[in-house]
Every structure is written in structure tokens, then in C-alpha cells.
Amino acid sequence: MNILRQHKASRYVLYGLAALGIVIMVPLLSSAYKAYATVDYWDLKAGDETVAVFVSENDAKQVIKDVTNYYVDRGAKLEEVQCSPELTVVEKTYKKDDDVKLSEVDDAVEYIVTGTKEKEIYEVKGGDTFWTIAEAHDLTVEELAQINPEVKDQEALMPGDTLNLYKMKPIVKVTTTQVVESVRKIEYKTIVKKTDSLYVGETKVKRKGQNGKRRVTERIVTENGIEVKSEELSSKVIKKKINKIVLKGTRKKPVETAADTSQASYVSSTGGTTYSGDGNAIVSYACQFVGNPYVYGGTSLTDGADCSGFIQSVFANFGINLPRTGFTSVGRSVSYSEAKPGDILCSPGHYSIYMGNDTIVHAVNEQYGIRVTGVNFTGPIFDVRRVVD
């Protein structure tokens, strides 16, 4: 019996040692498995550089498709597209414990076409223009336009709008050749005819102009969305233009009497002649006509005026006779920091009336008519003319 008990005891010891061995070996085997376990991913490469890693081959190929179509216009006929360096998809085996950052399709597309993963957003403020925003952030107007392709009209920026601000350094250069059909505007011409039925300095629109339209088919080559070459294949007029006719007065004005200028009295001022008056009253009167049309050569505050005609007619209401154009010679010049309501602001090819708080009222163009905008809406100010003291 003793021999049997000893045999059983030995057997139990062996069982215990085996169990202990298993307990010890499991974590060792697990560690070894982790060290040597692998997983297959798909690398998206630009030339020899890996720019993104994906779980599936389909996602990687979708990125290539989206990048090559990124700069193709809707409705265009794509003839050729090339990426430099070439985008390719390669299967690669990674270790389980490798720190692999997997990408999403949309994020990878944006990174490849912009070269940056972080955006800076700018909110447009009163007085901002496309030009001033670009200059303030060390960008060219062309660069700012490229990273904001949704902005079709750069002059239509309004406070509260947002713009992307980041320099684009694309990972690849996408060259597209496409045939595009578009409708182009045919600008009407303004024909000025002299008449003695109007006084000198007076104008009247005899016939309003209308732009025409033509359907154009072009072959356009772009590099990352920027046109580098175009060839017009065909053009057809689908709406004829109507030229505008403006009558210009030649009859001399009668000599004005004191009664004609009773509303304004001259005040001698160094640098030019100014008038006594209320600049805020001038601004208030001018703002009554906001929303009325812009008419090139016009002086009517209701039927239409251009920028100088608008100012001439506003000041005429207060008995102040200004020339039809050339306001840089009226009144006296003051610095912008001294500007006050009623001053005339001079921009390249444009004039406006200062309202205060960096805002102006002016006849902008045929698209916007007479409106209130920020002070730099039509470009930088190079002179401020004080007409009313």
C-alpha cells in the first residue's frame, strides 16, 4: 500500500509541474506572438514617398481617383490628366506593434492637393478687401484665390464671410487637359454723343446698355487648378449686345447769381477752397439713395449715377458746385486719420463719401449700384479731400 501511495503522490507532483509550466509558457508565447504578428496595409505613394496608409486597397485607389478629378470642372470633357510624381498603391506588411497612422479618404485627398493638414480661417471684417487680406497675410491675390475657389466674385466680400488662409504646397502636380463649354459676357460699349440740349457738365442716358452673351468652347490646360494654356475651339453669339448711348451737354451755363449759391458760403482755407456746412447732413442725404442703380456717365440720384456723378449731385443739393470729375483738385487734402463724415475719399479710378467708422457711401458699379461698404471696398485710399468745414 505504501508503494501505491508513493506512486500516486509522484503523479500529482508531475501534474502540478506541468500546469505550472503551462502558466509560465502562455505569457511567453503571447509575447513572442505579438513580437512577430503582422498585418497587411496599403501604402499610397507619391513617387518613392509614402503619403498615406489605408486598411483597404479600394480606399487607396479612391484617393488617386479623387485627386486626379479634383481640378476637373463639372460638365467638362476630360481629355488627359497626369500626376507628378505618380501616385501608386503598394501592399506592405507591418508588425502589429508598429505605430501606423491610418488615413481616411477625404483627409488624404485634402492633404495631397494642399500639402497641409491644418487650416487657418479668417473672418472678413468691415473695410476688408481681397487685396488687403492677401497683403496682410503675406499671400498674393492669386494664392488667396487658389485656396478659396468657391469665391467667384472677389469684390463681393462682406463682413462675416470666411476665407481659408494657408499657403498651398501640393504633394503632387496635377495637370489636366479638358474641353470646357461656358457662356461669356460680351461687354457693351458706351457711346457719348454731344448735344446742345444739355448744359456743359450735364449728361443724360438716351439708351441703356445691355451686355450680350456668347457660348465658348475651349481646350484648357491647368496645373493644380491654375490655367496655364487655353485654346478657343468655337464661339457663337447667343445674345447680341446693345451699346449704351449717353448725351453730353455742350450748352454754356448762364452766370450764377448770388441766389444760386445761397446755401453755401466760401471759407478761405490753406490748400484750397472749402465751404461751410454739415458733413453729417451730406452723408444722411447721400444714404437716401442707397439701392439705386449705377449708370456710367450718369448724374441722377434716382435713375442712376457713376461714382463722380453721384458725389457731384449730392453736393449740388447743398449748393456746392463740384466738377464732373477730378476731385483730387477740390477742397483741401487731409490725412485719413483726420477724415470726417462728408469728406471725399479718392481711390485709384474711384471716389466715395466718407461716413465715419471706416465706412463709405458710393456708386460702386453696375452690379452693386449705390451702396454702403467698408472704406477699402474698391481699393486703397490715396487722398482725402475736405470740401465742407
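User: Which residue stands opposite Ala46 in S4?
Analyst: In this predicted model, nine bridges join strand S1 (residues 38-46) to S4, and the two strands run antiparallel. Across this pairing, the residue in S4 that stands opposite Ala46 is Leu87.

User: Which residue in the turn of the hairpin of S1 and S2 has a positive phi?
Analyst: S1 and S2 form a hairpin with two residues between them. The phi in question is about 70°, and the turn residue that has it is Gly47.

User: In what order do the three strands of this open sheet lie?
Analyst: The pairing in the sheet is antiparallel. Strand S2 (49-54) and strand S4 (87-95) are the edge strands, as each pairs on one side only. The twist from one strand to the next averages 35°. The order is S2-S1-S4.

User: What angle does the direction of helix H2 make with that of S4?
Analyst: Helix H2 (residues 57-68) packs on the sheet and touches S1, S2 and S4. Its direction makes an angle with that of S4 of about 150°.

User: At what angle does H3 run to S2?
Analyst: H3 lies across S1 and S2. Its angle to S2 is about 165°.

User: Which are the edge strands of the open sheet of six strands?
Analyst: This sheet has the order S17-S22-S18-S19-S20-S21, with antiparallel pairing. Its neighbouring strands are turned by 35° against each other on average, direction ignored. An edge strand pairs on one side only, and this holds for strand S17 (332-334) and strand S21 (370-374).

User: Is Ser352 buried or exposed?
Analyst: Ser352 is found in strand S19. Not counting residues up to four places away in sequence, Ser352 touches several residues, among them Ile311, Leu345 and Val361. Its relative accessibility is 1%, and the cut-off for this class is under 20%. Ser352 therefore counts as buried.

User: At what angle does helix H7 run to S19?
Analyst: Two helices can be described against this strand. Helix H6 (residues 279-287) lies across S19, S20 and S21, and runs at about 115° to S19. Helix H7 (residues 307-316) lies across strand S18 (344-347), S19, S20 and S21. The angle of H7 to S19 is about 50°.

User: Which element gives the largest share of the lining of the largest pocket?
Analyst: About 820 Å³ of space lies in the largest pocket. The elements that give two or more residues to its lining are helix H3 (105-114), helix H5 (141-146), strand S10 (212-223) and strand S11 (226-239). The largest share is three residues, and it comes from H5.

User: How many residues of the lining of the largest pocket are nonpolar?
Analyst: The largest pocket is lined by 27 residues, and those nearest its centre are Ala145, Gln146, Pro149, Lys152 and Gly225. Nine residues of the lining are polar and six are charged. The number of nonpolar residues is twelve.

Note on methods. Residues are numbered from 1 along each chain as its sequence is written. This is a predicted model: local features need pLDDT of at least 70, side-chain atom pairs count only at pLDDT 80 or more; totals for chains, interfaces and linings use all residues. Side-chain values use heavy atoms; hydrogens and water are left out. On a 1 Å grid over the protein atoms alone, a cavity is a set of points where a 1.4 Å probe fits but cannot get out, and a pocket is an open set with protein on both sides within 12 Å along at least five of seven lines; lining residues have an atom within 4 Å of a point. Grid points are joined across faces, edges and corners, and a volume is the space filled by probe spheres set on the points. Helices (H or I, at least four residues) and strands (E, at least two) are DSSP runs, numbered from the N terminus. Ala, Val, Leu, Ile, Met, Phe, Trp, Tyr, Cys and Pro count as nonpolar, Asp, Glu, Lys and Arg as charged, and the others, Gly among them, as polar. Two strands pair if DSSP finds at least two bridges between them. Axes are lines fitted to C-alpha atoms, for helices over the stretch in contact, and angles run from 0 to 180 degrees between N-to-C directions. Contact means heavy atoms within 4.5 Å. Buried means under 20% relative accessible area, exposed over 50%, partly exposed in between (1.4 Å probe, protein chains only).
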